[in-house]
Amino acid sequence: MARKKKILSKRTIFIIAFLLPAVFLFAVIYAYPLVNIFVTSFCEWNSKNFVAPKFLGWDHMFDNYIKMFTLDKNFQMALINSLKWVALTLVIQVPWAVLVALVLSKKERGWRFTRNMFVIPNIISTAAIGLIFLNLYSPSRGVITEICNMIAPGSDVSVLANENWAFWGVTFSFILFGGSSCLLLLTQIFSIDPSLYEAAKVDGASGLQIDLKIKLPLLKPMIGTVAVIAANYGLLLYNEIALISGGGPDNATFSLSYYVYKTALGSTKLNFARGNAAGVIQMLLGIILVGMINWFFHRRRKEDML
Amino acid sequence: MMVSRGEIRRGQTPRKIRKERPESGNIGAKIFRYVIMAIVLFISLYPILWVLISSFKEKPGGLGLPEKWVFDGYITIFTELDIQTYFFNSIVITFVSTLISVTVVAMAAYVVARMEFRGKALVTLMFSTTLFIPAISISFPIYRLLGDLGLRDTRIGVIFIYSGLGIAVTYFILQSYFMSIPKEMEEAARVDGCGYVGTFVRIILPIAKPGLATAAIMSFLNNWNEFYFASLLLKSPDKMTIPALLGQFTSAYSRNLNGMFSAIIVAVVPTIIVFCLLSETFVKSLTAGAVKG
Amino acid sequence: MKKKKLISLLLAASLIGSMALTGCSGGGGKDDGEDTADNGLPTVTFTHGYYQDESEWAPAAEMRKIYEEFAEAHKDEFNFVIKADQGGAEGIYNTALNDLSAGEFYDIADFGGWDITEAAASAGAIMDLKPYLDADEDLKAGVGVCYDQNLTEDGKIYTVREQIEGVGFWYNQALFEQAGAKTPDQWTSWADFDEAVDQLVAAGISPFSLNAGWPTNILAAGYSQRDEASREFYANGGSTESFNDPSFIGTMGFLQTNVLQKIDAAHFGPGGDDDNQYTEDFISGDSAMLFNGVWATGDFADCEAGIENIKPAVFPTDDGQTAGLLSGGCGFVVSDKLSDEQKDICIEFIKYMTSPEIAARIVENGIGMAPSTTIDYSSVESEVESPEGKLLVQACNLLQGTDIQVLGWGNTFGDMEGEIQNKYAGLKDGSKTPEDVANELDQVLAAE
């Protein structure tokens, strides 16, 4: 008995000691803001009472949320767009990164160079990418308008001036840049024991069959991680919007993050209460999303093991 | 059809082909791979090449090469911007914060991945929420905290914040990696008389190198590109990072497109060079010591 | 193995080295600006956003020089520490918000148009300048329109500026003559504007380049002064409860048919901070009018359009008057936490900045327009040698002489400015009617 107790307490000390630094970082940087966001989303807090948020009262405590969902077209647009961007990263970016990783893993001539180049858009800051795309889309000095005019003279396409195109303009400034995801996947592919698929190859399986039947299932945990990171990027999309479209035209490219910024800091009214209410929604969505992705890949992994 | 042709070819000279290109398939697959690689190269390089070419134009923009090559933008940048200072700052801040972040999170992720204790789910939830907190919402408290600590407008302050910023992604990567390490390895170490800390340092960390390297790369990229806190917390020009500098380009160079395009190139090219030099080291550390199976 | 060890060693060494370096420079940085604090004199720190290098933007260097001369002149009485924020006025504003949340504030700062007053006043962090302005006629004349514009509902003035946004528009006389159109200095109503636009278009000249923002807002604000009813709606624009007002709908209708649909897509940018194409088009001689403030002259030197062809103009009205946009906005803001001694230093500085000498210097150097009503523009013009400097003085003079002087679009409509300009693209391509615009804006108001 005594010995068991001793081991247990040593274990406990170890657990606490190892968790402590991370929990400390969390507590110092995030704990207060988390509580603050949540609490002030039930407050009135804007430029009129900037240092003293005021509780809305029990009868009206959900006013910020109710207004967002019933009246605030910008919030509704932001919510829909953010969900669209999450879906698009999962449908386009992740499969694209997987495809490229599988292709590169065949080590064709130039694969190393291609791999390095693919990561470049991820290592240069999004601020630079934003500026570059802003200029590419510009009707006067960009290339898109020029190319469209070659195909259809006089069309004078202005990507960022049209509500539907602007959404895709923002989307294509990040969606194909899956370089770092590809790098993660590539690493995982190379760590697969070759004996696992050499046998299949001898049995006459095609490269495609090996990719689909053997490599892909083994990659699943990493695809799950990549999916979480990518979906998170889609949900939090901000820099590209701030730099390229500024949320426009007519607020058609608002994302949740951009809405939070616009409502809280980017407005003379400094409506932090509403911004934080949107922040709460964003966090809830994020947690649900991560839960869903984890559950999906976890469950599939278990099935494969059986 | 294609498959059978490939099989025939492989049948004729199996060894040679295998040796050269261990995983090459038939011609169609090969063409497909090159097409994909070409697309990757195009989307990755075109935007930057376009800016590079444009930066030499008198009137930046449009397709085609410059009619007259102009270097004005670069002359302005190099004579007036202390670009190497910004690079130095970016490198120091990113390296140190990445190291701290990965170390700290690795410890926590290991405990969660490997041990049963009460509140385990809470720890995961806690780290998950940090992924989605809007930067604006944490900026006030962070600003106040650093002010109280006297760390505003210092590199240490930014390092401190960056160490905590990416903990969620680092946590996810490391936790899933630790889970994939067979338990038998620790049990063997335990039998050999290793303590918890000893097992972690001597057994787990070496095995987890690819995972650690992966997490470090992600964290590094995040911190390297971080813009919001850098521009909020760093006010002195001698402490600023590359992204904070880029943020100024839009306003500072809006009258001087040539300068803006050149500035983008100057900020981006050394990053690319450093990455290309480091990438082999990166990838080697990623594949070295990989767990089989 | 050896290689790995070497790499890790190198890494460790570089980390230790960098740690040491950050430590050193972190400590060293704190000394900045405090080295003058030990001479027993009172100290005030002034923060501004004119950080740009002289070659980047010459007015910034001139502004810094003006500040430094003040500090130098009073160095025996007090320490006036000058700090430039690398983030510009926007950076100062963001820092101020963060400071406020931490219970701090700048001693004195120039907010360059970013309005901090409501938040800072609600926090009790800033001081009311009105008593000082009322007590000093010269100071009051120096701040000009700022006095009335920045007077709050509860009778306080939290901010004044040494320069204001003076906005009319610019035209290229050569292009007007080429099209055989009446030039803006002869316009007596907006019908003349319409006629000139049609003649320019017929001659194959783009009348103007616009975007979903700033230049279009200027034109909208100018057109809003056309008659009494419209002027009244505009004057109360900030507190309007509905945009379903005939004069506002009239303004939007004018924008749609008489303005936006007269130009092609290449002359209509997406808007935003760095969409400066409308200026590029004008200075390259590609468009006949430029809707921008007096400071636009900075881009006119040696331009393709030929500076001799460029002339300033103000807006006509339909009842025979002229109108200009003069916006003070948020400039100098002083902390209320300062001692009386420090406050007096700040007032001294504001007095200096709004004095006739500095006002003349601001105009002469092409920095902008000064609010001061005491400037003799004809004597200033003779002081100036460069053609673009002369143009700026002419433009300021023209604006100071307008019958109707109102705030700009953004200062009038506040947050709604962004929502209104969002609708311009829809108006241009015909997907929205002016009535749609009014209804959609009312929905935004309801969501607040």
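# Briefing on a predicted three-chain model

Chain A averages a pLDDT of 85, and 94% of the residues score at least 70; pLDDT is the predictor's confidence in each residue, from 0 to 100. This is a predicted model, in which local features need pLDDT of at least 70 and side-chain atom pairs count only at pLDDT 80 or more, while totals for chains, interfaces and linings use all residues. Residues are numbered from 1 along each chain as its sequence is written, and chains are lettered from A and ligands numbered from 1 in the order in which they are written. The model scores ipTM 0.83 and pTM 0.83.

## Confidence

- Among the elements of chain A, the mean pLDDT is highest for helix 3 of chain A (94) and lowest for helix 9 of chain A (79); helices (H or I, at least four residues) and strands (E, at least two) are DSSP runs, numbered from the N terminus.
- Residues 302-306 of chain A stay under 50 in pLDDT, and the model has one contact for them beyond four places in sequence; two residues are in contact if their C-beta atoms, placed from the backbone, lie within 7 Å.
- Chain C averages a pLDDT of 87, with 91% of the residues at a score of at least 70.
- The pLDDT is below 50 over residues 1-36 of chain C, a stretch with 26 contacts in the model beyond near neighbours in sequence.
- Where pLDDT is low, the predicted coordinates should not be read in detail.

## Overall form of chains A and C

- Chain A contains 13 helices and two strands.
- The radius of gyration of chain A is 24 Å, well over the 19 Å that the globule rule gives for 306 residues, so chain A is more spread out than a compact globule. The radius is taken over C-alpha atoms, and the globule rule is 2.2 Å times the number of residues to the power 0.38.
- The C-alpha trace of chain A spans about 85 × 75 × 30 Å along its principal axes.
- Chain C contains 21 helices and 14 strands.
- For chain C, with 448 residues, the radius of gyration is 25 Å, which agrees with the value near 22 Å that a compact globule would have.
- The C-alpha trace of chain C spans about 75 × 70 × 50 Å along its principal axes.

## Contacts between chains

- The contact of chain A with chain B takes 81 residues from chain A and 85 residues from chain B.
- Several elements of chain A give two or more residues to the side that touches chain B, among them helix 1 (2-40), helix 3 (73-104), helix 10 (207-236) and helix 13 (272-305) of chain A.
- Helix 1 of chain A gives the most to this side, with 16 residues.
- By class, the side of chain A that touches chain B has 48 nonpolar, 27 polar and six charged residues. Ala, Val, Leu, Ile, Met, Phe, Trp, Tyr, Cys and Pro count as nonpolar, Asp, Glu, Lys and Arg as charged, and the others, Gly among them, as polar.
- The contact of chain A with chain C takes 24 residues from chain A and 27 residues from chain C.
- The side of chain A that touches chain C has eight nonpolar, nine polar and seven charged residues.

## Helix packing in chain A

- Helix 3 and helix 8 of chain A pack at an angle of about 45 degrees, with their axes 8 Å apart. Axes are lines fitted to C-alpha atoms, for helices over the stretch in contact, and angles run from 0 to 180 degrees between N-to-C directions.
- Helix 3 of chain A and helix 8 of chain A are therefore oblique to each other; angles under 35 degrees count as roughly parallel, over 145 as roughly antiparallel, 65 to 115 as roughly perpendicular and the rest as oblique.
- The crossing of helix 3 of chain A and helix 8 of chain A is right-handed. A crossing is left-handed if the near helix is turned anticlockwise from the far one by less than a right angle, and right-handed if clockwise.
- Residues of helix 3 of chain A in this contact include Val94(A), Ala97(A) and Leu104(A), and those of helix 8 of chain A include Ser181(A), Leu185(A) and Ile189(A).
- The residues of this contact comprise ten nonpolar, one polar and no charged.
- Helix 9 (residues 195-202) and helix 10 of chain A pack at an angle of about 150 degrees, with their axes 10 Å apart.
- The crossing of helix 9 of chain A and helix 10 of chain A is right-handed.
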